[in-house]
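Q: Hi! Could you walk me through this one?
A: Happy to, let's take a look together.

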Amino acid sequence: MNPSAPIMLESFPQAILHFDGDAFFTSVEQSLHPRYRNKPVVTGAERGIIACASYEAKKLGIKRGVALHEARRICPALIVLPSDYETYSMMSKRMFEIVRRWTPIVEEHSIDEGFADLTGMRRFHRCSYEQMGRDIQAAIGAELGLTVSIGISLSKGLAKLCSKFRKPNGFTAVRGRHIHLFLQRHALKEVWGFGKNTVAFLEKFGLRTAYDFIMQPEKWVAKNLTQTQVEIWHELRGKSIHPVSTEEKTDYATVSKCKTFTAPSADFDFVWAKLVRNLESAFIKLRRHRLKAKQLLVALRFRDYQQAGMEAELNRATSVPAEAIPLLREMFETLFKPGEEYRATMVSLGKISTDRREQLDLFEDRVRIEKLEASARAIDKIAEEFGKHKLTQGSALFLQRHPTTARDEQPWRKTHLLPGETTRQRINLPMFETR
Amino acid sequence: MPPALDIHGKVNALRIFFRKTGRPPTFREAMELFGYKSIASVQFALKRLEKLGYLQKGASGRIAFTNRISGDIRLLGSVSAGFPSPAEEETVDLLNLTDFLVRRREATYILKVDGDSMIDALIGPGDLLIVERGRTPKNGDIVVAAVDGDWTVKYFEKNGRSVRLVPANKKYNPIEPNQSLEIGGIVRAVIRKYGA
C-alpha cells in the first residue's frame with residue numbers, strides 16, 4: 001500500500017461536527033467567577049476526588065480522579081470547588097442551543113460534548129463547513145465564555161478523533177482526501193471504541209496506526225472482528241454509519257449513584273442508610289425516564305480507596321426500590337466487614353428496559369406489586385412538591401447519626417440565594433459573580 | 001395480551017420531534033422514536049396513525065404529517081366539544097416575564113449589584129441585573145466590564161478610539177482603562193424585589 005494515496009477524492013460528501021467542552025466544569029466556574037481565571041481550579045470538593053481539573057491545574061499534573069489531599073500536596077494554592085451540577089447543566093443546554101442555530105440535527109452525547117450534522121448547510125449559511133465550525137466555536141466563546149475543541153470530518157468516529165487532535169480551543173477539519181494522512185498520525189488506542197484487547201489483538205497482526213487498520217480489506221475485518229469494529233472500520237474510512245441522533249438519551253446502559261461521605265464510617269446502620277439512599281436516587285432517575293432495571297450492582301469503598309462489590313439479578317425488572325431492598329440487604333450483609341471504615345457506597349442498576357405495562361408472572365404477588373408501584377408514584381409526586389427524599393425508606397433516620405461536615409460543601413450558588421429562591425429552586429439563569 | 005398501541009404517546013413523540021427538527025422523521029428515526037426494533041412494527045404503528053389522520057404518505061413513500069401534528073392550525077387547549085374557549089385563544093401569544101426581560105436566553109446571565117456607583121441610573125446595591133453576553137456595546141449602554149482586572153458596572157462611552165466607563169454617581173470619577181478592558185456583558189434589565 002502507498003501511504004500517500006488518498007482513500008477517497010471527495011472533500012465532504014457529508015460533514016459531521018464533534019464539539020467537546022474543554023475542562024467543562026472548571027471552565028464554567030472560571031467563566032462565571034472571573035476571579036478563578038488563570039488559576040489552578042478543580043471541582044469535586046464534595047466527594048474528595050477531583051471531578052474536573054482546569055488546564056492550569058492539569059499543567060501541574062493534577063488530573064481527574066486524583067484524590068484531593070494528593071492534589072493539595074502538589075499545589076497548596078489549589079482552588080477546590082464543590083460541583084454545581086445545576087449550573088453546569090444550564091451551561092451545557094446553552095451550548096447545544098447555540099450549535100442548533102447552525103443545524104437542527106444535534107446530538108447531546110454527554111453533558112460536555114455533542115455531534116452536529118452540517119451536511120447540506122453550506123448554501124444556507126453561505127460558507128464552508130470549516131467556517132461554520134469556527135463560527136460555532138466563536139459564538140460559544142463569546143456568549144458562554146467557554147472554549148470548545150471542534151472536529152469536522154465525514155463520520156462521527158472521524159470527527160471525534162479530530163476534536164481530540166488539538167485541545168484546548170482546538171480546531172481540526174479533515175476532508176475525505178486527507179483522511180489517509182490524518183489516520184497515519186493516530187495510534188490504534190486513540191480510536192473511539194477500541195479497547196485494550198482490540199488494540200492488542202490488532203497489534204498481533206503488525207498493525208500500529210488507525211491507517212494500518214483501515215487499509216485491511218473489509219473481508220479480513222469482518223472475519224476477525226466484531227460487527228461494532230467493522231462499523232468503526234467504515235466510519236474511519238469516511239462512511240457515516242452512525243447517524244447523528246437528535247433523540248434525548250433515554251437508553252442508559254446503567255444508572256449509577258455513588259456518594260462519598262465526609263468522615264469515613266464503620267457504622268453498619270449508617271453505611272446501610274447511605275446505600276439505600278443511593279438506591280432510591282437511582283430508581284428516581286429510572287422512573288423519570290420510564291425505565292426499569294433487572295440487575296443490581298453494589299460497591300463499597302474502603303477508607304484506603306479499595307473497593308468491594310458484587311452484582312446480582314432481581315426476580316423481575318422493577319422501578320421500585322422496595323422490590324430491590326431485600327436483595328440489596330443480602331448483598332450488603334455479605335460485603336460489609338465489621339471494623340472496616342467506609343467512605344463511599346455505590347449502587348448501579350443494569351439490564352435496563354422501558355417500563356411498559358406487561359403480563360405479570362403467574363407466581364407474582366400482583367396486588368403487592370401494584371401497591372409498591374403506586375407508592376413509588378406517590379413518592380415522586382411528593383418530591384415534585386417538597387423536594388427529593390422527603391418521603392423515604394426508614395433507614396434514612398440513620399443518616400443523621402453522622403452530621404455532614406466541611407466536605408459536604410454546598411456549591412456557591414446554593415449559598416448565594418436570591419430573594420424568593422430556596423435551596424431547592426433557583427432562577428433558571430446562571431449567576432455571574434464579579435467579586 | 002400484547003400491550004395496547006400507545007397512540008397518544010406516539011403522537012406526542014412526533015410533535016416533540018417536529019418541534020425540535022421542523023420535519024417528519026424517517027422510518028429509521030420513527031423506529032427509535034417509538035422504541036421499536038423492527039421496521040415492520042413501525043409500519044404497523046404508522047398505518048394506524050395514518051388511519052387516525054395524524055400522518056399521510058408523502059412523496060416517494062416518506063412519512064408526512066397532517067396538520068394534526070405539525071399544527072398549521074393552531075392547537076388550542078383541549079376542549080371536549082364546540083369552540084375553544086375565548087380566553088385560551090387570546091392568551092396563546094402572551095409573553096411570560098422571563099421572555100419579556102430576556103432577549104437571548106442562551107447568552108443571558110444574572111448579576112447581583114454591589115456598590116452604589118450607578119445609583120443615579122436607579123441601580124442600587126442588591127439589585128439584580130439581567131446581563132447579555134457576547135455583544136458589542138453601543139455608546140450609552142450600561143455594561144459589566146473589567147477595567148485592568150477589576151469588575152464594575154458603568155455607562156459605556158466611546159469617543160473615537162478611546163473608551164470611558166462613566167458612573168452614575170457624582171462621588172465617583174469616570175474610568176479610563178490603562179491596560180485592559182473586558183466587556184462582560186450589556187445590562188438589559190434591572191430587577192428589584194420588595195418584601196421577599
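Q: Which domains is chain A divided into?
A: Chain A has domain 1 (16-165), domain 2 (177-236) and domain 3 (255-404), with bounds from an automatic or database domain assignment. This is a predicted model, where local features need pLDDT of at least 70, side-chain atom pairs count only at pLDDT 80 or more, and totals for chains, interfaces and linings use all residues. Residues are numbered from 1 along each chain as its sequence is written, while chains are lettered from A and ligands numbered from 1 in the order in which they are written.

Q: How many residues do domain 1 and domain 2 of chain A each put into their contact?
A: Domain 1 of chain A gives six residues and domain 2 of chain A gives seven (contact: C-beta atoms, placed from the backbone, within 7 Å).

Q: And how far apart are the centres of those two?
A: Taken over C-alpha atoms, the centres of domain 1 and domain 2 of chain A are separated by 28 Å.

Q: New topic: where is the kink in H14(A)?
A: It is centred on Leu327(A) and is about 30° (the angle between axes fitted to the seven residues ending there and the seven starting there). Helices are DSSP runs of H or I with at least four residues, strands are runs of E with at least two, and both are numbered from the N terminus.

Q: Which residues of H14(A) are buried?
A: Pro321(A), Glu323(A), Ala324(A), Leu328(A) and Met331(A) (buried: 20 or more other C-beta atoms, placed from the backbone, within 10 Å of its own).

Q: What covers them?
A: The cover over the buried residues of H14(A) includes helices H13 (268-288) and H15 (366-386) and strands E10 (291-302) and E11 (307-318), from chain A.

Q: What stands opposite Leu111(B)?
A: Leu129(B), in E4(B).

Terms used. Two strands pair if DSSP finds at least two bridges between them. Two residues are in contact if their C-beta atoms, placed from the backbone, lie within 7 Å. A residue is buried if 20 or more other C-beta atoms lie within 10 Å of its own, exposed if 12 or fewer, and partly exposed in between; C-beta atoms are placed from the backbone.
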